[in-house]
Amino acid sequence: MATVILLRHGRSTANGSGVLAGRTPKVGLDDTGRGQADALSARLAGVPLAEAVVSPMLRCKQTVAPLLADRGLARTVEPRLSEVDYGDWTGRELKTLVKEPLWRVVQAHPSAAVFPGGEGLAAMQARAVAAVREHDARITAAHGDHAVWLLCSHGDVLKAILADALGQHLDAFQRIVVDPASLSVVRYTETRPFVLRVNDHGSDFAGIVPPPPKRGKKKASSDAEVGGSTGRKDAQ
């Protein structure tokens, strides 16, 4: 199966003001976020991208815009990768939300958390994981097992996708950190996903690109390397 780079949007105006933006329309990037978006092309310079799939929220579209313009790639907008519907919590300051009883549920037992007037985190994970796996299968069929593609979404959504890839229960997803403009990498296979990077702020991503398939070998192996990876790309 293909390799997906999970990109969280750059810092937004809401991130900078301590507000839970949720699905509030027209929340865009702040100056820091725009700088992060502009830097993305250089960070991924060594990575050929087959496709880009993004959340419909403005801040995600703005984050990928410079990279896609450089690559001449179009974007596929995927509603299932949209931000959590926080319902009545949308637009409120985080410093007031921490006083809500539901806050402790979100922290300690997120699989049971359902936002008033919105959706539950378990439902969010179900839609997001279904979306990433369906697009990965589609892109693999179209471009081959060694394709790399980009997915741009939101913090909790990406944490939920990573928890699934790591085989963790959703109740453990708060242990995962996904900062604005960070990159995480997952390679799905028939047997299991391999998590290659998490919350990476670096610029050397050439190492996540799979090598060309060996002659006569149709699919990449889904076996884990016993004893740990050797770091050799030709060993795959």
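Colleague: How far from the ring centre of F205 does R197 lie?
Modeller: This is a predicted model, in which local features need pLDDT of at least 70, side-chain atom pairs count only at pLDDT 80 or more, and totals for chains, interfaces and linings use all residues. Residues are numbered from 1 along each chain as its sequence is written, and side-chain values use heavy atoms, with hydrogens and water left out. A charge sits over a ring if NZ of Lys or CZ of Arg is within 6 Å of the ring centre and within 35 degrees of the ring normal. R197 lies over the face of F205, and its distance from the ring centre is 4.8 Å.

Colleague: And over the ring of which residue does the charged end of K159 sit?
Modeller: K159 is one of the buried residues of α7, where buried means under 20% relative accessible area, exposed over 50% and partly exposed in between (1.4 Å probe, protein chains only). The charged end of K159 is 4.8 Å from the centre of the ring it sits over, and that ring belongs to F173.

Colleague: Back to R197. The side chain of which residue makes a polar contact with the side chain of R197?
Modeller: A polar contact is a pair of N or O atoms within 3.5 Å; within protein, one must be able to donate a hydrogen and the other to accept it, and residues adjacent in sequence count only if both atoms are side-chain atoms. Look in strand β6 (residues 193-200), bearing in mind that helices (H or I, at least four residues) and strands (E, at least two) are DSSP runs, numbered from the N terminus. At 3.1 Å, the side-chain partner of R197 is D200.

Colleague: Is D200 buried or exposed?
Modeller: D200 has R43, S182, L183 and F205 in contact with it, leaving aside neighbours within four places in sequence; contact means heavy atoms within 4.5 Å. A polar atom of its side chain also lies 2.6 Å from the backbone nitrogen of G202. With a relative accessible area of 18%, D200 is buried.

Colleague: On to the rings. What kind of pair do Y86 and F115 make?
Modeller: Rings of Phe, Tyr and Trp (its six-membered ring) pair if their centres lie within 6.5 Å; planes under 30 degrees apart count as stacked, over 60 as edge-to-face and the rest as tilted. The whole structure holds 3 aromatic pairs. With centres 4.9 Å apart and planes at 80°, Y86 and F115 are edge-to-face.

Colleague: How many residues apart in sequence are the parts that this pair ties together?
Modeller: Y86 is in the loop between β3 (75-77) and α4 (94-97), while F115 is in the loop between α5 (101-108) and α6 (121-143). The pair therefore ties together parts whose separation in sequence is 29 residues.

Colleague: What about W89 and W103: how do their rings pair?
Modeller: Their ring centres are 6.3 Å apart and the planes meet at 20°, so this pair counts as stacked. W89 belongs to the loop between β3 and α4 and W103 to helix α5, 14 residues apart. For the W89 and W103 pair, the word is stacked.

Colleague: How many bridges join β1 to β4?
Modeller: Two strands pair if DSSP finds at least two bridges between them. β1 is largely enclosed by the rest of the structure, because 6 of its 6 residues are buried. Its antiparallel partner β5 is joined to it by 5 bridges. β4 runs parallel to β1, and the number of bridges between them is 6.
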